[in-house]
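Subject: Structure handover and notes

Hello,

The structure you asked about is placed below, and my notes on it follow. Please read them with the model open.

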Amino acid sequence: NKLIHRKHLEECLVYHKGSVNVLSLLLLLMMISGLWCCQKEDSITPELKLEDLYAVKNNASDPVQQRVYDIYDHYKVTVVFNDTVGKVFVKTDVYGDSVFTYERIDPAYSFTGYNNLDYEYSFLTDPAAQNQLLDVVEEYLGSCNKNLYPQVILLTNSYSKTDQRGTTDVIADGKFDVTYRSLLLSYTPDEEVLESLANEIMKTFIIQRIADYSTEVQSFHRVSKDFIGKSWGVLGVSNLKEPVTYMEYNYWGNYEEVSITKFSNAPLYSSCSCLQDDWWGLRKYDAELVEVFRNAVRQLIGPLGFVMQSAKDPVGAPPLDNADDLQVFVTEMLRFSRARFEALWGDYPLVMQKYDILYDLLTNEFGVEL
C-alpha cells in the first residue's frame, strides 16, 4: 500500500508540474501579446478625420485666390468673400443624394454668448475691389502680431445687422466690425479712407484685446481717475497759459490783430479739436499758427493726463469715462512715433506715465511698432 501511495504521489507531482509549465507558458504568451497590442495602439490613427474648414487651398490660376492663399500661408488668417467657409459630407440619403452640413461665419457669437443679430451680406465680386481690400488686410496683419489677428476676415461690398426689434444697421463705405473671432470689412473706393483703414482696424483690435490685461489697464485708469467725467470748467481749464496773438481778416474784410486768452475763445471753442488731423482750421491757418493753437491746448489738458477730448461727446468735453479715455489715448499713440509723441507731450508727466503703461503692451504683446 505504501508503494502504491508513493507511486500515486509521484504521478500527481508530475501532473501538477506539467500543469504549472503549461500555465506559465500561457501567462508568458499573454504578456507578449499585451506588449504587442500596446505597441500596436501607439501607432493607431483615428478613423475620424476632422477637416479644417478654415484652411485655404492654393489656386494659382486665380490671382485673387492666390493672394488669399499667400495671406493664409504667412499669417494663418483666413480671408473669404462670402460667409460660407466650407461644407462637410454627412451621408447619402435614400435617394442617393449627398447630404452636407455647411459651416458659415456667424459674427453674432461672442465669447460669453450670442448677440441675437441677423447678418445679411452684399458680397464683393469685383477683382479690383477685392485686391484693394486685400491690400488693407496685408497692411494690417503686417503691422502687428498674432495677438491682434482674427481667425477669419470677411470682405464684403456691404452688410447689414438686424436686431430682435427689427432695427437694421447698414455697414458700408469702409466701415467694419471686430467680433469675437472675425473681422467684417466693407468696401469703399475712397482712397483716403482706404489709406487709414489698417490703422483704424488696429486701434479697434487693441482697445478690444487690451481689456484682457487688467493689471495694466487699471494702472492706466488710475492716473487720471480724479479728472474723468468732469467738465473743463470744473477742472479749471479756462485761461490759456499764454495769450495767442495772430492776424486775421475780420467780418468786414479787414486784416487785423486778434488775441485770444481763454480756452473758450475762437477758434478753440473749449474743445481739443485743433489737435485732430481733420480740424477745420487746417484749411484756414498756416502750419506754424496751427502748432501755436495746438500747443496752447496741450498746456491746458496735458497736466491732467489727457491728450484729446471725448470720442463720445460731440461738444468737445473731456473723456467721459475710462473706456473713452483709453480709446482717445490709443488713437493719439498710433498717430506718432515714440520720439514724436515725446516731443509733443514729454513735458506732462501724467501723459507720459500713461504712455509708458500702454507702450509696453502695444510693442511687446501686440507687436505694434511705434
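Overall picture

This is a predicted model. The chain has a mean pLDDT of 86, and 82% of its residues reach 70 or more. Residues 1-20 have pLDDT under 50, and the model gives them zero contacts beyond four places in sequence. Where pLDDT is low, the predicted coordinates should not be read in detail.

The chain contains nine helices and ten strands. It has 370 residues, and 38% of them count as buried. Taking the contacts between residues at least 6 apart in sequence, 59% join residues at least 24 apart.

Helices H5 and H9

Two packed helices are described by the angle between their axes and the distance between the axes. For H5 (residues 214-223) and H9 (residues 349-365), the axes come within 9 Å and cross at roughly 170 degrees. Angles over 145 degrees count as roughly antiparallel, so H5 is roughly antiparallel to H9. The crossing of these two helices is left-handed.

On the H5 side, the contact is made by Glu216, Ser219, Phe220 and Val223. On the H9 side, the residues are Leu350, Gln353, Lys354, Ile357, Leu358 and Leu361. By class, the contact has six nonpolar, two polar and two charged residues.

Lys354, in helix H9, is worth a look on screen. Is Lys354 buried or exposed? Its relative accessible area is 0%, and buried means under 20%, so Lys354 counts as buried. Leaving out residues up to four places away in sequence, Lys354 touches Phe220, Val223, Ser224, Gly305, Phe306, Asp325 and Phe329. Of these, Phe220 and Val223 also belong to the H5 side of the helix contact.

Which residues does Tyr213 contact, leaving aside its neighbours within four places in sequence? They are Asn147, Leu361, Glu365 and Phe366. Tyr213 and Leu361 are 148 residues apart in sequence, and their C-alpha atoms are 8.5 Å apart in space. Leu361 is also one of the H9 residues that meet H5.

Helices H2 and H3

The axes of H2 (residues 63-75) and H3 (residues 127-141) come within 10 Å and cross at roughly 15 degrees. Angles under 35 degrees count as roughly parallel, so H2 is roughly parallel to H3. This crossing, too, is left-handed.

From H2, the contact involves Val64, Arg67, Val68, Ile71 and Tyr75. From H3, the residues are Pro127, Gln130, Asn131, Leu134, Asp135, Val137, Glu138 and Leu141. They divide into eight nonpolar, two polar and three charged.

Gln65 is in helix H2 as well. With a relative accessibility of 27%, Gln65 counts as partly exposed. Apart from residues up to four places away in sequence, Gln65 touches Asn59 and Phe81.

Backbone points in the loops

- Pro267 lies in the loop between strand S10 (255-262) and helix H6 (287-301). The peptide bond joining Ala266 and Pro267 is cis, with omega about 10 degrees.
- Ser270 is found in the loop between S10 and H6. Although Ser270 is not a glycine, its phi is positive, about 55 degrees. Ser270 is partly exposed, with a relative accessible area of 27%.
- Asp173 is in the loop between strand S6 (168-171) and strand S7 (176-178). Phi of Asp173 is near 60 degrees, a positive value in a residue other than glycine. At 51% relative accessibility, Asp173 counts as exposed.

Regards

Key: Residues numbered from 1 in each chain as written. Predicted model: local features only at pLDDT ≥ 70, side-chain atom pairs only at ≥ 80, totals over all residues. Heavy atoms only, no water. pLDDT = per-residue confidence, 0-100. Contact = heavy atoms within 4.5 Å. Axes fitted to C-alpha atoms, helices over the stretch in contact; angles between N-to-C directions. Helix = DSSP H or I, 4+ residues; strand = E, 2+ residues; numbered from the N terminus. Parallel < 35°, antiparallel > 145°, perpendicular 65-115°, else oblique. Left-handed = near helix turned anticlockwise from the far one by under 90°. Nonpolar A, V, L, I, M, F, W, Y, C, P; charged D, E, K, R; others polar. Buried < 20%, exposed > 50% of the residue type's maximum accessible area, 1.4 Å probe, protein only.
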